[in-house]
Amino acid sequence: MSIEFEFDKSGINSLGGFSYQIKVFVYYLGLLQKGMQLEFESYDDVSFAKVDPKKLDDKSEYFKSTMGAVENDSVTSIQVKRTDITNETARQTLLNWFLLEGSDIQVSSYILFTDAKYNNEDKMFDISCEDLFDLVKKTNKSEKATIGKVKMHFKDDYESFKAIYTSIKSKYSFKVTSDLDEEIIETYSELLREDGVDNKIVFFQRIKALLQKITSNILDKINTQESYSISHSERMKLIEHICKEISDENPIVDYMSFKKNLVIDIEDEAISNLREFKQLQSCELPIFMIETNLIYSFYYAHYRLTHSELNKTTRVENVEVTAFDNYNSEKYLLKNNKNDTPYNRLEGTKNRGNSYADNDQIKYGVVIYLTKDNMGANQISWEDE
């Protein structure tokens, strides 16, 4: 049997699909030296419901990253802006930095990080100190708003306000990158042992695994309104774990990390129109079980695509042939026992052994995957059409 693999849309050779916010965080994580840590947090006046990782960049102005050296409590504050930088967003960032500079924290530098494709200009200090102070004094916003906090902090003390403005300006830099993915790849070439694997795809999978784990950790903290921090030593332990976990022999990310970064919206027509979704519906499963089975299928698709990129199609062929044979055996058994229902076909097929599958999630995922459209002679149906 010859498997025809789909065109690579998953970005194996790029880091597409990850939040720009997270990618910038991971880029700076690669620059940490001993005794330093990196922190990702939201501003105090912002609260969130559960955050979808795909929509994280929509809230970019509400997050800040700080990178500091433990020895002297000095930090670098990094604000990421992927889209257009307006005068308003620049001013909001500057006012947040006013509160940081006016605190007990020693800040060594302030960075506004953006992508070259948006043709952003540096507008951070387009507004003069006098005009900004006047704007702050006249605001009617509450003390919960950033500008209200700045007003309360400085009141009518222009000289103190000016000192903070001047200090921030002296420590400020505007960083523009034309290819953040490439910068991340270069930063992690040695850390993730690019030259220590037979195929570069394994190295890319390690980068993607790092992004997935950091994304998961950050979202867990955001959803409980906490900051996320990672030290140099914690980064090195995570790197070591990823390099052991993802190798030439086992080139894909673990199931838990994959699942935590996957959001399935059953109301989305792109999901509800899938044949595999409709086949699972025929089994009369509750929504959460349909979602779980779809995740198995997507995980198997990730496994399938990665192995095709590595030219390891024989293993995938054996996984799929065994799964289809299991389906036929289970269907025959159920018909013989006069107990053939969609649910029984699903559960019976999933629970049959498949020695070619690396883990249970692959074993479950392949049988759901084979219910897709255009599977040809190997298509599985829980409910006959």
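Helices are DSSP runs of H or I with at least four residues, numbered from the N terminus; strands are runs of E with at least two. The model shown is predicted: local features need pLDDT of at least 70, side-chain atom pairs count only at pLDDT 80 or more, and totals for chains, interfaces and linings use all residues. Residues are numbered from 1 along each chain as its sequence is written, and side-chain values use heavy atoms, leaving out hydrogens and water.

**View 1. Helices α2 and α5 pack at an angle of about 105 degrees.** Two packed helices are described by the angle between their axes and the distance between the axes. Here α2 spans residues 87-101 and α5 spans residues 158-171, with axes 10 Å apart. Axes are lines fitted to C-alpha atoms, for helices over the stretch in contact, and angles run from 0 to 180 degrees between N-to-C directions. The two helices are therefore roughly perpendicular (65 to 115 degrees; under 35 is roughly parallel, over 145 roughly antiparallel, the rest oblique). From α2, the contact uses L94, W97, F98 and E101. From α5 come F161, I164, Y165, S167, I168 and K171. Contact means heavy atoms within 4.5 Å. Seven of these residues are nonpolar, one is polar and two are charged. Ala, Val, Leu, Ile, Met, Phe, Trp, Tyr, Cys and Pro count as nonpolar, Asp, Glu, Lys and Arg as charged, and the others, Gly among them, as polar.

**View 2. Y255 and Y299 form an edge-to-face aromatic pair.** Rings of Phe, Tyr and Trp (its six-membered ring) pair if their centres lie within 6.5 Å; planes under 30 degrees apart are stacked, over 60 edge-to-face, the rest tilted. The count comes to 24 aromatic pairs. Y255 sits in α9 (residues 255-260) and Y299 in α12 (residues 287-309), so the pair ties together parts 44 residues apart in sequence. Both tyrosines are buried (under 20% relative accessible area; exposed is over 50%, partly exposed in between; 1.4 Å probe, protein chains only).

**View 3. One aromatic cluster holds W97, Y110, F125, Y165 and Y172.** W97 and Y165 also belong to the contact of α2 with α5.

**View 4. E284 and N311 have positive phi values.** Most residues other than glycine have a negative phi. Phi of E284 is near 60 degrees. E284 lies in the loop between α11 (275-281) and α12, and is exposed at 73% relative accessible area. N311 has a phi of about 60 degrees. Its loop runs between α12 and α13 (313-336), and N311 is exposed at 69%.
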